[in-house]
Amino acid sequence: MKHTTAPFTLRCIESGVLYEPSEVRYRSDSGGLLEVVHNLEALDADTLRTLWDDRLKTLGGVNGSGVWRYRELIIPVEEKAAITMNEGSTSLYRSEQVSAFTTVERLTLKHEGQNPTGSFKDRGMVAGVTAARLLGQTSVACASTGNTSASLASYASAAGMRGLVFIPAGGIALGKLAQALAYGASVIQIDGNFDDAMRLVQEVCSERAVYLLNSINPFRIEGQKSIGFEILHELRWQVPDWIVVPGGNLGNSSAIFKGLAELLAIGVIDRMPRIAVCQAAGAAPLYAGYLERFAGPPRTVENPETLATAIKIGSPVSWPKCVKAIRESKGVVTSVTDQEIMRAKRAVDGAGIGAEPASCASVAGLKKLVDEGVIGRQDRVTCVLTGHVLKDTDAVLREHAPGGSIEGLPVCAPTLAGVQDAVERAIHGEDR
Ligand SMILES: *Cc1c(COP(=O)(O)O)cnc(C)c1O
């Protein structure tokens, strides 16, 4: 591949067959998922730590990006060839309220909703769109439960490419659809669910000169690894006991594991955190597989149902990569009901942090795993909050407005007498 500074290859995760990264391909000849293989022997822990610390001091630009800061392990791209919108560098919060809710004192929350388009998808997308440009592509496409389409739309426009997004009609939160339209992508609505959209976009990309940017794309996974890099960097490379993430298509959990396994191999960290994946009960094929110790073929859920639309996926693409992450990190999988997700969301939102429903599956899952004794109250835990609270305002209104919609919110007369009752209730904390 042109404009890169170090060699890397693509490898089939099943057969081990290697492919040139300059070739446009998403699967091996035998149909297996591909992964990027970096030359880890050429990298040295002390050199990397110093380099990454130095780049932390940079404001803006490629070195200021929370993805390209770690580019030796993402795509070793020349500075001038990297696209960036200043993604990453998100906050790692501590919150007494969320600690009280989960009963885990040493809890940190990595708020990926602070990315340019409001979700962690920007980290994978910036790598994917940069790869698309290195490969000479001019059109890019994805299927999406919402956030991937918002992200693709933004990065494609920033890079001067055509963006196509396939979405299940009526199946994504309105704010995300609005982003895709606003950033200038062509929105193709499918009368079906996410899994239908995913199947179709793969067919379209295999027939037309359109580059596929779902998380089946190995470069998207490389970009998403930077969530784990940033968490560990901010923790001064002191490895937490657990990293807890929501699971939908399973790209994120796979990516965090792959990145940390590389850090471990190089010696930047000295052990692996355990990874906990939290699925919504109505869309929990991985959890079903986990219960049978992944003995059989990948499980699917025919008609996934959950109000956490970002993880409403019945046939996750990155299944084998995630199974490896669970096995090799001694990880666990759990499932949480929509009610548990919304209870966790109340805690996260009420702490002044805020996140969309799917994000709060991680906090709900943590609480459940602590109650079950799987995660200890003394353990050091990082939960990933994957998306911004504004991504799904309907979910907020359903929880907080009488009758579940904006019409249910009371309106006062524009006089002091008119607001009197509401002010009294507010002061006495009765409107909560
Ligand atoms: C995409 C997404 C997820 C799920 O991540 P996967 O990599 O598909 O498992 C969770 N939360 C939010 C907000 C998302 O956008």
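This is a predicted model: local features need pLDDT of at least 70, side-chain atom pairs count only at pLDDT 80 or more; totals for chains, interfaces and linings use all residues.
Trainee: At what angle do helix 13 and helix 15 pack?
Mentor: Helix 13, residues 338-350, and helix 15, residues 393-400, pack at an angle of about 90°, and their axes are 12 Å apart. Helix 13 is therefore roughly perpendicular to helix 15.

Trainee: Which residues make that contact?
Mentor: Helix 13 contributes Met342, Lys345 and Arg346, while helix 15 contributes Ala395, Val396, Glu399 and His400.

Trainee: How many of them are nonpolar, polar or charged?
Mentor: The contact of helix 13 with helix 15 has three nonpolar residues, one polar residue and three charged residues.

Trainee: What span should helix 13 have?
Mentor: With 13 residues at 1.5 Å a residue, helix 13 should span 18 Å. Its end C-alpha atoms are 18 Å apart, which agrees.

Trainee: Which residues of helix 13 are buried, and what covers them?
Mentor: The buried ones are Ile341, Met342, Ala344, Lys345, Ala347, Val348 and Asp349. Their cover includes helix 3, strand 11, strand 12, helix 14, strand 13 and helix 15.

Trainee: What comes just after helix 13?
Mentor: Gly352 is found there, with a positive phi of about 85°.

Trainee: Changing topic, how many residues are in the largest nonpolar core?
Mentor: That core has 91 residues, and Trp68, Tyr211, Leu263 and Leu286 have the most contacts inside it. Helix 4, residues 121-134, gives the most to this core, with seven residues.

Trainee: What is Leu286 in contact with?
Mentor: Beyond its neighbours within four places in sequence, Leu286 is in contact with residues including Leu250, Val277, Phe294 and Trp319. There is also a second, separate core of 34 residues, which includes Leu107, Leu109, Trp242 and Val363.

Trainee: Is Lys258 buried or exposed?
Mentor: Lys258 is buried, because its relative accessible area is 11% and buried means under 20%. This residue lies in helix 10, residues 251-266. Leaving aside neighbours within four places in sequence, Lys258 is in contact with Glu35, Val36, His38, Glu222 and Lys225.

Trainee: And where is Gly118?
Mentor: Gly118 is in the loop between strand 5 and helix 4. At 8% relative accessibility, Gly118 counts as buried.

Trainee: What does Gly118 touch?
Mentor: Not counting residues up to four places away in sequence, Gly118 touches Glu112, Gly113, Thr386, Gly387, His388 and Lys391.

Trainee: How far apart are Gly118 and Ser151?
Mentor: In sequence they are 33 residues apart, and in space they are 8.4 Å apart, C-alpha to C-alpha.

Methods:
Residues are numbered from 1 along each chain as its sequence is written. Side-chain values use heavy atoms; hydrogens and water are left out. Axes are lines fitted to C-alpha atoms, for helices over the stretch in contact, and angles run from 0 to 180 degrees between N-to-C directions. Helices (H or I, at least four residues) and strands (E, at least two) are DSSP runs, numbered from the N terminus. Angles under 35 degrees count as roughly parallel, over 145 as roughly antiparallel, 65 to 115 as roughly perpendicular and the rest as oblique. Contact means heavy atoms within 4.5 Å. Ala, Val, Leu, Ile, Met, Phe, Trp, Tyr, Cys and Pro count as nonpolar, Asp, Glu, Lys and Arg as charged, and the others, Gly among them, as polar. The expected span of a helix is 1.5 Å times one less than its number of residues. Buried means under 20% relative accessible area, exposed over 50%, partly exposed in between (1.4 Å probe, protein chains only). A nonpolar core is a set of buried Ala, Val, Leu, Ile, Met, Phe, Trp, Tyr and Cys residues joined through side-chain atoms within 4.5 Å.
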